[in-house]
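Please open the model in your viewer and keep the selection panel at hand. The stops below proceed from one selection to the next.

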Amino acid sequence: MTTLITVLKSGGRYDATWVARLARGVRRHAPAFDRILCLTDLPLAVAGVERVPLRHGWPAWWAKMEAFRPGLAEGTTLLCDLDTVFTGPADALAEPGLAAMEDYFHRGRLSSALLRWHGEELADLYATFAANPDHWMTPGSCGPVPNAVHGDQVVIDHLLRRNGQSPDFIQRIHPGLLDFYDPRRDAHGPVVIFIGTAKPDTAAGSVHAAWTDS
C-alpha cells in the first residue's frame, strides 16, 4: 500500500481547491499511489481523497507534524506540500526508501515539502513533538541552524539527526524529477516545486495550466 499525505490547515491561503488539484495531478502522473489522505481541520469533501481530522491545534506549518501519527498509513508514505504541481511521470516518488527533498537554500538539510518513509518509521517525530510542542516551536530549540525561519522542517531535520536517521535526497536518487519553479522559463517538470513567495495560483504559462487542469 502506498499513500500520499498532504495537510490543509485553516486560516491560510489554501482551501479545498488546492487539495483537489494536487489529487488530480497525483492520479494522472503518479498513479502508483494507492491512497491520498488529507489531514485537515476543515469539512473537506474532495473526490478520491480521504479526510483525516487533525487532532491538535498546532498552527500553520506545525500541523504537518501530525503526518507522522501512528496508524495513518502502511507501506510507503509520502508527505507532499499542497503547492506541488505534477506535469509529468512521477511514480518514482512512490518507490520505497527513506528520502526527502534537499532544501533549496541549505544544502545537506532536508525540506518537508517532500518526505518519504515506510510504515511507522517516523512515528517518533510525532511522539516527541506532541510531548512538548511549545518547546519545539520555539526558535533555538534545535540549536544553531542555518535556516532563516524556524519551522517544521528544522525540527524534523534536527530530530532525525538526533535519532541517527539519514534520509537520502530525492534530487540525488532521481535526477531531473524535481524542478524548482522559475518564472523566466515556461517548461517545467515533472514535479514542480515552489519556493519563496511563488505559488501555483500566481504562476504563469504551462505550469499554471497544469495546475488548473491537472
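Begin by selecting strands β5, β10 and β9, which form an open sheet of three strands in that order, with mixed pairing. The coordinates displayed are those of a predicted model. Colour β5 (85-86) and β9 (178-180) separately: these strands stand at the edges of the sheet. Each has a single partner strand, so one side of each is left without a neighbour in the sheet.

To locate a facing pair, display leucine 178, which stands opposite valine 191 in β10.

Now move to the sheet of seven strands. In which order do its strands lie? The order is β3-β2-β1-β4-β7-β6-β8; this sheet is open and its pairing is mixed.

Which strands does helix α1 lie across? They are β1 (3-8), β2 (35-40) and β4 (76-80). Relative to β1, the helix runs at about 165°.

Proceed to the pair formed by β6 and strand β7 (residues 110-118). Their pairing is antiparallel and extends over four bridges. Within this pair, show alanine 99, which has arginine 116 in β7 opposite it.

Remain on β6 (residues 99-102) and select glutamate 102, which lies in this strand. Is glutamate 102 buried or exposed? Its relative accessible area is 14%, and residues under 20% count as buried, so glutamate 102 is buried. To inspect its surroundings, display Arg107, Gly108, Arg109, Ser111, Phe169 and Gln171; glutamate 102 is in contact with these residues, leaving aside its neighbours within four places in sequence.

How many cavities of 30 Å³ or more does a search of the whole structure find? The search finds one. The volume of the largest cavity is about 70 Å³. To centre the view there, select Ala67, Phe68, Arg69, Trp117 and Gly119, the closest to the cavity centre of the 14 residues that line it. Colouring the lining of the largest cavity by class would show nine nonpolar, three polar and two charged residues.

Technical notes: Residues numbered from 1 in each chain as written. Predicted model: local features only at pLDDT ≥ 70, side-chain atom pairs only at ≥ 80, totals over all residues. Heavy atoms only, no water. Helix = DSSP H or I, 4+ residues; strand = E, 2+ residues; numbered from the N terminus. Buried < 20%, exposed > 50% of the residue type's maximum accessible area, 1.4 Å probe, protein only. Contact = heavy atoms within 4.5 Å. Pairing = 2+ DSSP bridges. Axes fitted to C-alpha atoms, helices over the stretch in contact; angles between N-to-C directions. 1 Å grid on protein atoms, 1.4 Å probe; cavity = no way out; pocket = protein on both sides within 12 Å on 5 of 7 lines; lining within 4 Å. Points joined across faces, edges and corners; volume = space filled by probe spheres on them. Nonpolar A, V, L, I, M, F, W, Y, C, P; charged D, E, K, R; others polar.
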